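Colleague: Could you take me through the aromatic contacts and the ligand site? Here is the entry.

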Amino acid sequence: MPVTIILGTQWGDEGKGKAIDTFAGDFDYVARYNGGNNAGHTIINEFGEFKIHLVPSGIFYPKTKCLIGGGVVIDPAVLIEEMNSLRKAGVKLEKRLFISQRSHLIMPYHKILDGLYEEAKGAGATGTTRRGIGPTFADKISYNGIRWSDFTDKDIFAEKLRVQLGLKNKIIVALGGSPLDFEKVRDEYLGYYAEIKPFITELFPIVQNGLKTGKKFLLEQAMGSILDPDWGTYPFVTGSTTLASAATGGLGIPPRAITRVIGVTKAYTTRVGAGPMPTEVKDDAHAEKALSEVAATTGRVRRGGWFDAEVVRFASQVNGIDRLFLTKLDVLSEFDEIKICTGYEFNGRKVHYHDLDSYQLDKVKPIYRIAKGWKEDIRGVRKFKDLPARARAYVETIEKLVGVKIGWVTNGPERDAIIKR
Ligand code: GDP
Ligand code: IMO
Ligand code: MG
């Protein structure tokens, strides 16, 4: 398919890295269009194990070129570190990685502000990654951002930085922090620019010529659909839109060019940070332990819960998902019984995800269907028909409840742990 989007249908960490790694070898380009280094996409392959934050997950296939679109915000120190660790593992980046000159930079004050806003909100904090994501997107939208293109004229960059530091230092100092030094920040960022410059370009001709000549694009979303600022659990969301539609602005791809949307879905649910999560497990120590994980970016604990069909159905509809890529089925092998949330009840009424705001969603009663567990190690299975009958039934139940076919089931973190249907 010429333009395929792979996106998360829950609260992030669905296994997008693994999904991209499965398909990337068949594509000419893999491109990121949203988010920043709040993302952490895990890939396990012959180069090793990586948790990549900014570089598209297609970088491991030598013939695949990787694009970081203008919709992405970049912390240059994180990007340089990531590029160096990829090089060290034997991955070639030259003439393979292209970064949009339109992408905005995460500046030191964005990270400080991220922390100050979180602390001011106290118990109502979002639980951000504190990578400066929200404040950087806020500056972009309020015309206060700094982009790579600003560095082509060092005076323009310096002037913009001077104005922003004047503003931001006032807030930082008022809240008890130490002001940032203009010359220090300027020189630090000029140094980053010098290192990254060979990779910075305008992506428009690459994308347009690629579409014209039938090149295949795989678009790698970051975060998950339910972290979208409009359609997610606001204010417990992220700073950039995470939906399929974001690929259009984030990469300059016309909506009509998008031919397929694949939704990555965990066989259960996780969430990092604050905010409602109707199926979170709270009163069952065994399930809590089995379903929680360690976050790839911050090392925090991901909250664990049962599969929520209401959320994935919503994500499938809002994104126009053609097929689901179901991950981590193996994690459920240890359960005698597995709960599946089929919908919600609120004040005695059946409601949908989209009917409620975050504070109401926090109070819904999930309606559960109980499935019998298969209690068998399924990690080595490579054919759907070889899965235990109850595991197959679980997959088919999800398919029916969500209303979208499941094209792939994964049963281990490694590249080959996948069942194609
Ligand atoms: P992403 O942000 O959507 O790319 O997901 P993350 O990489 O943050 O989190 C997914 C985690 O699940 C990673 O640790 C993966 O290695 C792991 N993973 C992916 N697929 C499977 C699977 O089928 N089974 C198991 N056990 N782990 C998986
Ligand atoms: P990947 O791409 C899971 C969450 C944070 C927090 C909220 C806002 O690996 O799926 P931010 O730092 O973006 O302002 O934090 O969004 N969050 C993610 N959760 N996976 C991610 O990315 C996330 N990126 C942001 O935990 O709740
Ligand atoms: Mg992740």
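Colleague: Which residues form one aromatic cluster?

Modeller: W148, F151, F157 and Y193 form that cluster. Please note that this is a predicted model, in which local features need pLDDT of at least 70, side-chain atom pairs count only at pLDDT 80 or more, and totals for chains, interfaces and linings use all residues. Residues are numbered from 1 along each chain as its sequence is written, chains are lettered from A and ligands numbered from 1 in the order in which they are written, and side-chain values use heavy atoms, with hydrogens and water left out.

Colleague: How many aromatic pairs does a search of the whole structure find?

Modeller: The search finds 16. Rings of Phe, Tyr and Trp (its six-membered ring) pair if their centres lie within 6.5 Å; planes under 30 degrees apart count as stacked, over 60 as edge-to-face and the rest as tilted. One of the pairs is F236 with Y359, which is edge-to-face because the ring centres are 6.2 Å apart and the planes stand at 70°.

Colleague: Where in the chain do F236 and Y359 sit?

Modeller: F236 is in the loop between strand 10 (217-224) and helix 8 (246-251), while Y359 belongs to helix 11 (residues 358-361), so the pair links distant parts of the chain, 123 residues apart. Helices (H or I, at least four residues) and strands (E, at least two) are DSSP runs, numbered from the N terminus.

Colleague: Is F236 buried or exposed?

Modeller: F236 is buried, at 9% relative accessible area, whereas Y359 is partly exposed at 47%. Buried means under 20% relative accessible area, exposed over 50%, and partly exposed in between (1.4 Å probe, protein chains only).

Colleague: What about F325 and W408: what kind of aromatic pair do they form?

Modeller: Their pair is tilted, at 5.9 Å centre to centre with 35° between the planes. F325 lies in strand 16 (residues 323-327) and W408 in strand 20 (residues 406-410). F325 is buried at 0%, and W408 is buried at 10%.

Colleague: Changing topic, which residues are closest to ligand 1?

Modeller: The closest are K16, T42, R302, D330 and T410, among 18 residues that surround ligand 1 (a heavy atom within 4 Å).

Colleague: How far is the polar side-chain atom of T42 from an oxygen atom of ligand 1?

Modeller: That distance is 2.5 Å. Polar backbone atoms also approach oxygen atoms of ligand 1, that of G15 at 2.8 Å and that of G412 at 3.0 Å.

Conventions
Polar contact = N/O pair within 3.5 Å; in protein donor to acceptor, adjacent residues only side chain to side chain.
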